[in-house]
Every structure is written in structure tokens, then in C-alpha cells.
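Q: Hi! Could you walk me through this one, starting with how the terms are meant?

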Amino acid sequence: MAAGENPSDSTLAAIISSSSYDAILSEKANLIRRAIYGNQIFLRGLIEITSYCKNNCYYCGLRAGNANTMRYRMSENEILHACNYGYSLGLRTFVLQGGEDPAYTDKAICSIIENIKKRHPDCAITLSLGEKEYNSYKSFYDAGADRYLLRHETADAEHYRFMHPENMSLEKRKECLFALKEIGFQVGSGLMVGAPKQTVDNIISDLRFLQQLSPDMIGIGPFMRHSSTPFASYENGSGELTVRLLALLRILFSHALLPSTTALFTLDGNWMPKALKSGANVIMPNLTPLKYRKKYELYDGKASLSLDSADNLKILVKKLESLGFVYAQTRGDVKR
Ligand code: SAM
Ligand code: SF4
């Protein structure tokens, strides 16, 4: 398979259902990433701004129905402080992520965006705050937000229904994604690898949907079990399959920004170097204040690549260098 090629469903099925780490596929992906992005790895400072959520996705520990979790909401000042700290470490993208929390009005979110941009005009702001109305997305964009992450999770309507309650729909999710594109955001989507009851055909549908959307960023990570959710009894997703899919995504979407995700890191830290050598080129270290971090528990045992001190950053940079990469102190926009 060559870069940009459009493989048949049967070729995709063979790659997806193979049961081992595919060194040839990974090397192909690695070469494509190097040709476009060189040896740079982009770091994004992740700030988990709220653990309140009005939704009830069956897989997620932040779901409204989970009474066994402690909730928090960061103030604008706390968010600005986290950005200042990240900036001092060289980070030039901040990702504001959270549950769908009505307490953050559009006005409040716009104020946060404007104040980050005032202090750090050379930085990109990525939002990951779920489904909103068109006019809300537009106001965030006009306030200065650059990118938006909204995974489609699964592109099969029936599978989507199995993973989400009645008041959520794949149709609405797709509508949001196309609205974000139309407004001008750099858009990220993605799927949950090994989600309960996922089939090979579901993953092929995911890839076909991504081809239709043509996103700038694609986030994939293994499903991870949370003991206080309806999906508590399902197995975690596979690291092997996640890495194989990352390689496949790099080949299909040569220019996309592909993170090596926290879920993959939680499954086993050893997958991160493999992911980076299979086409991933983004890491999202956590800048959420320590007092809140344990409360943002999407799944059991959620780990985080932490930058609580400059020493943590030095260790991460050394690790990247030992793998042949460099820490790019830039916004790391998509190259089209
Ligand atoms: N609420 C926003 C949303 O859903 O897009 C942003 C925050 S949400 C916690 C970010 C991502 O976490 C989701 O897109 C989902 O894929 C992932 N996530 C939630 N629960 C998970 C789980 N149990 N295992 C793996 N990923 C999970
Ligand atoms: Fe809320 Fe996002 Fe978790 Fe769904 S995945 S429950 S929308 S935080």
C-alpha cells in the first residue's frame, strides 16, 4: 500500500484483522511521516477544565450518571495560570478539554479564549468540549480558537446507538464535525479502538467516514474500562491494533496530525515509542493542576504524561531524542 492510495475494503480488512505488530506497515508509515514532518514531535498542553458532563456515554467515567466520581470545574484564572506555565516550558498549543458542562456558557468560553490569546498570541488553542450549536462554535472561532477535537467514536449508526443513550446520535455528531469544518477550524475526529462489540466492518466504516471528512487531526486510542459505567465488564482495547491503525492512518492520511494518546499510554507506556515509530507525531502532556487530575477519570487507572516540573520535560525530551525525534517548540499546525 502506498501513501495516499485508496485500498479496497478487503485489503483494509486483512490489515485490521491481522493479529500481530506489523513492522513493514509501521516502517512505511514512519517514512511518510518523516517525509512530511521530519523528526519533529509536537507537544500539546492538555488542560482538563471540567469533569462535569450532562451526557451519559456508556463508556465514560465522567458520564452524568456516575455518582462515584468527584467533580470539579477550573476557574478562568486557573486555566490562564496553567497556560502560562505550559508556555514557560515551550508549549505552543493548549488543548482545553472537558465534559459537556452547561456551567461554562459560550460567553465564559470566549472570554477564556480571548484572554489566552491576549497573553500568548503565538499559541494555538484547541477545544474539545463536545457537541454545541453552530453559533456557539462560530463564536469560539471568532474569539480566536484554532482547532476543535470531536471524535466520531464509531461511524456505524447501530454501533453508535449501542455506545450512547437515545438523546445522542451519529447524525448529530457528523453535523457538528461538518459545521466545524465549514466555520474554518482545523478539525480532529477519531474512533475508539476495541470499543465493545466493534467489528472489522465498523472500523472500515470509520476509515471511510474519515476519508469523507478529511480531518486535520485524527485521535484514536483503545477503549479502557471504567468500573462505574455500563461498560465495566468489557475488555480493554488492544495496543497492537491501535498501533497498526495509527500506521494505516498515516498511510491513508499522510498529512494528518496523529497523537499517541493517553489511553494507549495507560494501557502500557511501552506502546508510545511504537506509536511514534508508526506515524504518530503528537503527544499531549497533562497541565491540569494536580489537585484536579485524579478527578478526571475517564477510565480506571488513567495515567498521564505529566509536566509538573521542568525536570519532567527534560526526561520526555531525552526519551524523544533517544528515539530519533526532537521536541518542536512550535504551534505544529497541519501541513496541507
Ligand atoms: N466531552 C467531550 C467529548 O466527548 O468529545 C470531550 C471530552 S471526552 C472525555 C474525550 C474523549 O475521551 C472522547 O472522545 C472519548 O473517545 C474518550 N473516552 C471517554 N471514555 C473513554 C474510555 N472509557 N476509554 C477510552 N477513551 C475514552
Ligand atoms: Fe461526556 Fe465526553 Fe464523557 Fe461523553 S465522552 S460522557 S460527552 S465527557
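A: Happy to! On a 1 Å grid over the protein atoms alone, a cavity is a set of points where a 1.4 Å probe fits but cannot get out. A molecule sits in a cavity if more than half of its atoms lie within 2 Å of its grid points. This is a predicted model, where local features need pLDDT of at least 70 and side-chain atom pairs count only at pLDDT 80 or more, while totals for chains, interfaces and linings use all residues. Residues are numbered from 1 along each chain as its sequence is written, chains are lettered from A and ligands numbered from 1 in the order in which they are written, and side-chain values use heavy atoms, with hydrogens and water left out.

Q: Thanks! Which space does ligand 2 take?
A: Ligand 2 takes up the largest cavity.

Q: What surrounds ligand 2?
A: Cys53, Asn55, Cys57, Tyr59, Cys60, Arg63 and Gly99 do, each being near in the sense of having a heavy atom within 4 Å. That shell has 4 nonpolar, 2 polar and 1 charged residues. Here Ala, Val, Leu, Ile, Met, Phe, Trp, Tyr, Cys and Pro count as nonpolar, Asp, Glu, Lys and Arg as charged, and the others, Gly among them, as polar.

Q: And which residues come nearest to ligand 1?
A: Of the 17 residues around ligand 1, those are Tyr59, Gly98, Arg151, Glu153 and Met224. The shell divides into 10 nonpolar, 5 polar and 2 charged residues.

Q: What about N and O atoms close to ligand 1?
A: A nitrogen atom of ligand 1 lies 2.9 Å from a backbone N or O atom of tyrosine 59. For methionine 224, a backbone N or O atom is 2.7 Å from a nitrogen atom of the ligand. Glutamate 153 uses its side chain: one of its N or O atoms there is 2.6 Å from an oxygen atom of ligand 1. The protein covers 92% of the 550 Å² of accessible area that ligand 1 has on its own, by the Shrake-Rupley method with a 1.4 Å probe.

Q: Where is glutamate 153 found?
A: Glutamate 153 is in the loop between β5 (147-149) and α6 (157-163). Its phi is near 75 degrees, a positive value in a residue other than glycine.

Q: Is glutamate 153 buried or exposed?
A: Glutamate 153 counts as buried because its relative accessibility is 10%, and buried means under 20% relative accessible area (1.4 Å probe, protein chains only).

Note on methods
A polar contact is a pair of N or O atoms within 3.5 Å; within protein, one must be able to donate a hydrogen and the other to accept it, and residues adjacent in sequence count only if both atoms are side-chain atoms. On a 1 Å grid over the protein atoms alone, a cavity is a set of points where a 1.4 Å probe fits but cannot get out, and a pocket is an open set with protein on both sides within 12 Å along at least five of seven lines; lining residues have an atom within 4 Å of a point. Helices (H or I, at least four residues) and strands (E, at least two) are DSSP runs, numbered from the N terminus. Buried means under 20% relative accessible area, exposed over 50%, partly exposed in between (1.4 Å probe, protein chains only).
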